Amino acid sequence: PHSKFYVRWTHMCLTFAEAANHVVGPNDAATYGMSAKTAIQYVRARKTPDGLNGISTAVPGTADAYLTEVANTGEAAFDALVKNERRIETCFEGMRFYDLRRWTTDLTELNKAVHGAGVTRNADEVTFTYDLNYKVEDRSFSSAYLPIPYNEVLRMSNLVQNEGWDGWN
């Protein structure tokens, strides 16, 4: 088996912005050579990849008044902005569940019903009816953590199963 893992520049910028914001705040560029705000500017100012090696050549350009306003508001407001940027930039990549799980303090966000678009062909065979509140599934997670695999629990006698999962005892 062969696995390939792709990490986009966007993912690195968003991860850096989130971590730097929690450690030194949104505007401190001295500690790590770049501020959390600058990392978000890279994400927002990027150009289409150059086609040769797939690396974006964009650098933060003109000032973004909204980004500056939120960064000056403080760490909590900037954290909300970074979370929203992650939601937008990584949609359809299957990362949202893991982001919510990482950020959660309770299970209300994870246990919301999942909705999709229900598309039905009308009798005329040409037009469609769209139901944007179509419920795909109800979710009921017992824990924000995934269970530890059973074979790992068997190998290490002192290992305790994650909260919310049966201990297989």
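Some ground rules come before the details. Because the model is predicted, local features need pLDDT of at least 70 and side-chain atom pairs count only at pLDDT 80 or more, while totals for chains, interfaces and linings use all residues. Residues are numbered from 1 along each chain as its sequence is written, and side-chain values use heavy atoms, with hydrogens and water left out.

Let me begin with confidence, where pLDDT is the predictor's confidence in each residue, from 0 to 100. The protein chain has a mean pLDDT of 85, and 88% of its residues reach 70 or more.

The order from the N terminus is α-α-α-α-α-β-β-α. Of the 169 residues, 24% count as buried, where buried means under 20% relative accessible area, exposed over 50%, and partly exposed in between, with a 1.4 Å probe and protein chains only.

Next come the salt bridges, each being a side-chain nitrogen of Lys or Arg within 4 Å of a carboxyl oxygen of Asp or Glu. The structure holds twelve of them. In one, glutamate 93 pairs with arginine 8, with the closest N and O atoms 2.8 Å apart. That pair links distant parts of the chain, 85 residues apart, since glutamate 93 is in the loop between H4 and H5 and arginine 8 is in the segment before helix H1 (9-24). Glutamate 93 is partly exposed at 34%, and arginine 8 is partly exposed at 32%.

Within helix H4, aspartate 79 and lysine 83 are four residues apart and so separated by about one helical turn, and they form a salt bridge with closest N and O atoms 3.5 Å apart. Here aspartate 79 counts as buried, at 12% relative accessibility, whereas lysine 83 is partly exposed, at 26%.

What about the loop between H4 and H5? Phenylalanine 92 is found there, and it has a positive phi of about 70° although it is not a glycine. Most residues other than glycine have a negative phi. Phenylalanine 92 also counts as exposed, at 84% relative accessibility.

Leucine 132 lies in strand E2 and is exposed, with a relative accessible area of 63%.

Finally, which residues line the largest pocket? They are Arg87, Arg96, Phe97, Leu100, Glu109, Leu110, Lys112, Val114 and Arg139. Helix H5 (residues 96-103) gives the most to that lining, with three residues. A pocket here is an open set of points on a 1 Å grid over the protein atoms alone, where a 1.4 Å probe fits, with protein on both sides within 12 Å along at least five of seven lines, and lining residues have an atom within 4 Å of a point.

Definitions and conventions: Helices (H or I, at least four residues) and strands (E, at least two) are DSSP runs, numbered from the N terminus.
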